[in-house]
Amino acid sequence: MVEEEGFRRYVAHIILWIGIAIVAFPVYIAIVASTQDNALIANGQMSLLPGGHFFEVYYQTIFVGTSGSTREPVGNMMLNSLVMALAIAIGKIAISIISAYAIVYFRFPFRMAIFWIIFITLMLPVEVRIYPTYKIVADLHMLDSYAGLALPLIASATATLLFRQFFMTVPDELLEASRIDGAGPLRFFWDTLLPLSRTNMAALFVILFILGWNQYLWPLLITTRDDMQTIQVGIRKMITTTDALTEWPIVMATAVLAMLPPVFVVVAMQRLFVRGLVETEK
């Protein structure tokens, strides 16, 4: 019995390491390619070992940019993506938690109807409402701006639903105790509900930050200036139709740099993220 359990654990570890290798190998190839000479990559002669152009390629990528398709430095693209992702994540959480608080703790006409209208918007992603959204943004003169990048994506029915479900599990005794202490609605929200929602907000922040960082279609549609494009749009513009004209080391370096902020957010908030997903008792 012990030997059988040890064999199963051994097989499970092998499968786990195979999965890690499948996921990590493309990342390794991107890192290696970012240090190689462009001619070797274009001719299909790239080595599987790191080359000697690491500092040269990454300096040019971050501070100079490509010489052909887009001359904008990747550092500026990353800043645009960071501002957009932070605005979307923080904005979604702020609007959703306030909306859920109003729906759960206030009694007003058509309260549940408003909640279900919010819930129905889950069936209307950006791709479905892309034209009217673009028309409104253009009429408000928000093209090529941070407001235009973030504001149309700042509402979240999913986050509102999750916060509503969590608030409904908060004991009514906490609300009564706050009233006895003389706390008003804002103080109860700030001193009681926000601390209890910390892990939920952390988990949602990680998910929404990655969602905002990976946006491609919307930034591609509303940005016409190179200095306002995000890193995902920049990567696509770097890849030309002719392999010989594509600066592959810079493309791969840009792809590696694009992975760093989401990885950093996940690692930095890992504990709160896991607790926010699995905790059942608050």
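In this predicted model, Leu79, Leu82, Val83, Leu86, Ile90 and Tyr146 together make a nonpolar surface patch of about 460 Å². Helix H4 supplies the largest share of the patch, namely five residues. Leucine 79, one of the patch members, is found in helix H4.

The largest nonpolar core holds 45 residues, among which Tyr105, Phe167 and Leu193 touch the most other members. Two or more residues of this core come from each of the helices H1 (2–33), H3, H4, H8 (157–167), H10 (185–196), H11 (198–213), H13 (231–238) and H14 (248–268). Helix H4 gives the largest share of the core, 11 residues.

The model contains 15 aromatic pairs. One of them joins tyrosine 59 and phenylalanine 63 in a tilted arrangement, with 5.2 Å from centre to centre and 45° between the planes. Both residues of this pair lie in helix H3 (residues 54–64), where four residues, about one turn of the helix, separate them. Is the pair of tyrosine 59 and phenylalanine 63 buried or exposed? Both residues are exposed. For tyrosine 59 the relative accessible area is 53%, which places this residue in the exposed class because the value is over 50%.

A second tilted pair is formed by tyrosine 101 and tyrosine 105, with 5.4 Å between the ring centres and 40° between the planes. These two tyrosines both belong to helix H4 (residues 74–105) and are likewise four residues apart, about one turn of the helix. Tyrosine 101 has a relative accessibility of 8% and so counts as buried, the limit for that class being under 20%. Tyr101 and Tyr105 also take part in one aromatic cluster, together with Phe106, Phe163, Phe166, Phe167, Phe188 and Phe189. Two members of this cluster, Tyr105 and Phe167, are also among the residues that touch the most other members of the largest nonpolar core.

| Residues | Separation in sequence | C-alpha to C-alpha distance |
|---|---|---|
| Tyrosine 59 and methionine 142 | 83 residues | 32 Å |
| Leucine 211 and alanine 89 | 122 residues | 8.3 Å |
| Valine 266 and isoleucine 207 | 59 residues | 8.9 Å |

Tyrosine 59 is located in helix H3, leucine 211 in helix H11 and valine 266 in helix H14. Leucine 211, with a relative accessible area of 41%, is partly exposed. Valine 266 is also partly exposed, with a relative accessible area of 33%.

Note on methods. Residues numbered from 1 in each chain as written. Predicted model: local features only at pLDDT ≥ 70, side-chain atom pairs only at ≥ 80, totals over all residues. Heavy atoms only, no water. Phe/Tyr/Trp six-rings, centres within 6.5 Å; stacked < 30°, edge-to-face > 60°. Buried < 20%, exposed > 50% of the residue type's maximum accessible area, 1.4 Å probe, protein only. Patch = residues over 30% accessible without salt bridge, like charges linked within 9 Å, V, L, I, M, F, W, Y side chains within 5 Å. Areas by Shrake-Rupley, 256 points an atom, 1.4 Å probe, with all protein chains shown as cover. Salt bridge = Lys/Arg side-chain N within 4 Å of Asp/Glu carboxyl O. Core = buried A, V, L, I, M, F, W, Y, C linked by side-chain atoms within 4.5 Å.
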